[in-house]
Amino acid sequence: MNQKLAELKRVVVETIDGMRGQLEELALRIHAHPETKFEEERAAGWLCEAAQAAGFQVERPLAGLPTAFRASFRGGEGPRVAFLAEYDALPELGHACGHNLIGAASLGAALGIALGLREFPGTVELIGTPGEEGGGGKVILAQAGVFNGLAAVMLFHPSSRTILWKYALARRKLLIEFFGKAAHASGSPDKGINALDAVLQTFNSINALRQHLPDDVRIHGVITDGGAAPNIVPDHAAALFYVRALDDGYCDQVLERVMDCARGAALATGAKANLEVQGAYRSLRTNLPLAQAFKENLESLGWEFDQVDPKERLGSTDMGDVSHVAPAIHPYLAIGPAELAGHSIEFREAAASEQGLAAMLAAAKALAMTALDVLFRPELREEIQAAFTGG
Ligand SMILES: [Zn+2]
Ligand SMILES: [Zn+2]
């Protein structure tokens, strides 16, 4: 790394250190006022205000989402780099996924560059992406083209361990409904068509399918309607399934086989099936040259990465869709002990703890330094682009 870039990183890190009080206060304020998917009025407002005060141009709403926004700061001619801010909470549990720290870290990274340098070859963007928890906000933004043309898209996620990258599974959401015929379950069962039986048969067929699927595939569902009373043959029953796999194409093939299980159950019981794919998350593609730059930057701050199998304990994220339209990373920083479980009360407490705030600040610095690598190192941009188009 040349000396000039090292000096610029030092200036930006110092600027972020200077904002420490403001960033911590904001992270705690968002934590104390949890807002669930697409209702993040206050959190989005606070982030926009802070960006506007630093001279960013703010667009809100974005792609028709009232709590999504884009704040841009143009430092000069050059590529566009984006930091994504999440800020939604979980129903009842509050900030048990620590998205308050994601929002504050991405704000810190964006402001650190804009206020620290003022002039630089490119544009930094802070994109507010609401509704990660069950809303797929980034899917909607990706479909609207918000991430097109970006040289890099980054965020950090709080975790129990510090992990440079891991996979996230493609996910399809499937609603299965059956329509039968009500009848007295004891007096005239021969006149009824049992929609619940069709749901149970669907589960059984899926369970038979499991043995013949690769390890990365996950199929899991719940019955959302199982009838009204034991003495009425259920004329309506429904189940909601998630189908997941590492590969998007394979995920669609498994989805088709799951739908065949439902179609078979309809044939077996005489009920009519209605199948509705209600949403999809794409798999996560980590851009490895970009991840390598982040690794070096976080390590320069004294952090160490945990060695983790990138295929271990996988979920899905709406960041997957972003990673298919622009080079992206989604690293994790530890905010508590290794046994800390996500979406728990303990995780919520960690998201407002000293360790959580320290991770937020370190993430802001490492994200900002990585953005400087992208802006000032054309050869890195070439590697990033080659990895993006090649894989
Ligand atoms: Zn979560
Ligand atoms: Zn999360």
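The model is predicted.

**Domains**
- Contact between the two involves nine residues of domain 1 and seven residues of domain 2.
- On the side of domain 1 that touches domain 2, there are two nonpolar, four polar and three charged residues.

**Helix H2**
- Helix H2 (residues 20-32) has 13 residues, which at 1.5 Å a residue should span 18 Å; the end C-alpha atoms are 18 Å apart, so the two values agree.
- Leu23, Glu24, Leu26, Ala27, Ile30 and His31 are the buried residues of H2.
- These residues lie on the same side of H2 because they cover an arc of only 160° around the axis.
- An α-helix has 3.6 residues a turn, so residues three or four places apart point the same way.
- Gly21, Glu25 and Ala32, on the other side of H2, are exposed.
- The cover over the buried residues of H2 includes helix H3 (41-53), helix H4 (99-117) and helix H11 (354-376).

**Sheet**
- Six strands form an open sheet with mixed pairing, in the order S1-S2-S4-S3-S5-S11.
- Strand S1 (57-59) and strand S11 (328-329) are the edge strands, each pairing on one side only.
- Six bridges join strand S3 (residues 80-85) to strand S4 (residues 123-128) in the parallel sense.
- Phe83 has Leu126 in S4 as its bridge partner.

Definitions and conventions: Residues are numbered from 1 along each chain as its sequence is written. Chains are lettered from A and ligands numbered from 1 in the order in which they are written. This is a predicted model: local features need pLDDT of at least 70, side-chain atom pairs count only at pLDDT 80 or more; totals for chains, interfaces and linings use all residues. Ala, Val, Leu, Ile, Met, Phe, Trp, Tyr, Cys and Pro count as nonpolar, Asp, Glu, Lys and Arg as charged, and the others, Gly among them, as polar. Helices (H or I, at least four residues) and strands (E, at least two) are DSSP runs, numbered from the N terminus. The expected span of a helix is 1.5 Å times one less than its number of residues. A residue is buried if 20 or more other C-beta atoms lie within 10 Å of its own, exposed if 12 or fewer, and partly exposed in between; C-beta atoms are placed from the backbone. The arc is that of the directions from the helix axis to the C-beta atoms. Two strands pair if DSSP finds at least two bridges between them.
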